[in-house]
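Hello,

Here is the structure I promised to hand over. My notes follow below it.

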Amino acid sequence: MMETIYDALRESHETQRSLCKRLLRTKPGTGSRDDIFKALYVELEAHAAAEERFLYAPILMDDNGLSPSRHALAEHHEIEEMLEDLQSEPSNSPGWLAQAKALSKKVHHHLREEEKKFFQASGKILTDAQKTKLAKQYRRDFERMKKVLA
């Protein structure tokens, strides 16, 4: 069976969940905290860029996809702002871990909502052929973006 856009996205979602969990277990002032945050930053940003291009954009073209796409885009923007706030502070500063916890909570909320609601709504809009074509396009762009952001 051919990979669909949803298979490719779920793979990144699992990586995001794992990195969030690992980040919250790190100790302040350790290189591992900074390394894990950098990996999470790259994963989230590359995923969002590729997902917006190869899932949200096609769904925005359908009347039934307007509202769910806008909502998902707004959540991507919130996550991006949270990443910028965390990036602007040293990871051992007071309050950094609380901000990281808030980010993790937001990421988990977004992934859950996307997998439970958005995938179903968009699945009714896209054809099977589109789902497999978008998976290839998403993967290519995701890998390109990871290199750009690294």
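How many helices and strands does the chain have? It has five helices and zero strands (DSSP runs numbered from the N terminus: H or I of at least four residues for helices, E of at least two for strands). Along the sequence the pattern reads α-α-α-α-α.

This is a predicted model, so local features need pLDDT of at least 70 and side-chain atom pairs pLDDT 80 or more, while totals for chains, interfaces and linings use all residues. Residues are numbered from 1 along each chain as its sequence is written, and side-chain values use heavy atoms, without hydrogens and water.

Overall dimensions: the C-alpha atoms fill a box of roughly 50 × 25 × 25 Å along the principal axes. Of the 150 residues, 44% are buried (under 20% relative accessible area, 1.4 Å probe, protein chains only). Take contacts (heavy atoms within 4.5 Å) between residues at least 6 apart in sequence: 80% of them join residues at least 24 apart.

The axes of α2 (residues 31-60) and α5 (residues 128-149) come within 8 Å and cross at roughly 145° (lines fitted to C-alpha atoms over the stretch in contact; angles run from 0 to 180 degrees between N-to-C directions). Their contact has twelve nonpolar, two polar and eight charged residues (nonpolar: Ala, Val, Leu, Ile, Met, Phe, Trp, Tyr, Cys and Pro; charged: Asp, Glu, Lys and Arg; polar: the others, Gly among them).

Finally, Thr132 lies in helix α5. Thr132 counts as buried because its relative accessibility is 17%. Beyond its neighbours within four places in sequence, Thr132 contacts Met2, Glu3 and Thr4.

Best regards

How values were computed
Buried means under 20% relative accessible area, exposed over 50%, partly exposed in between (1.4 Å probe, protein chains only).
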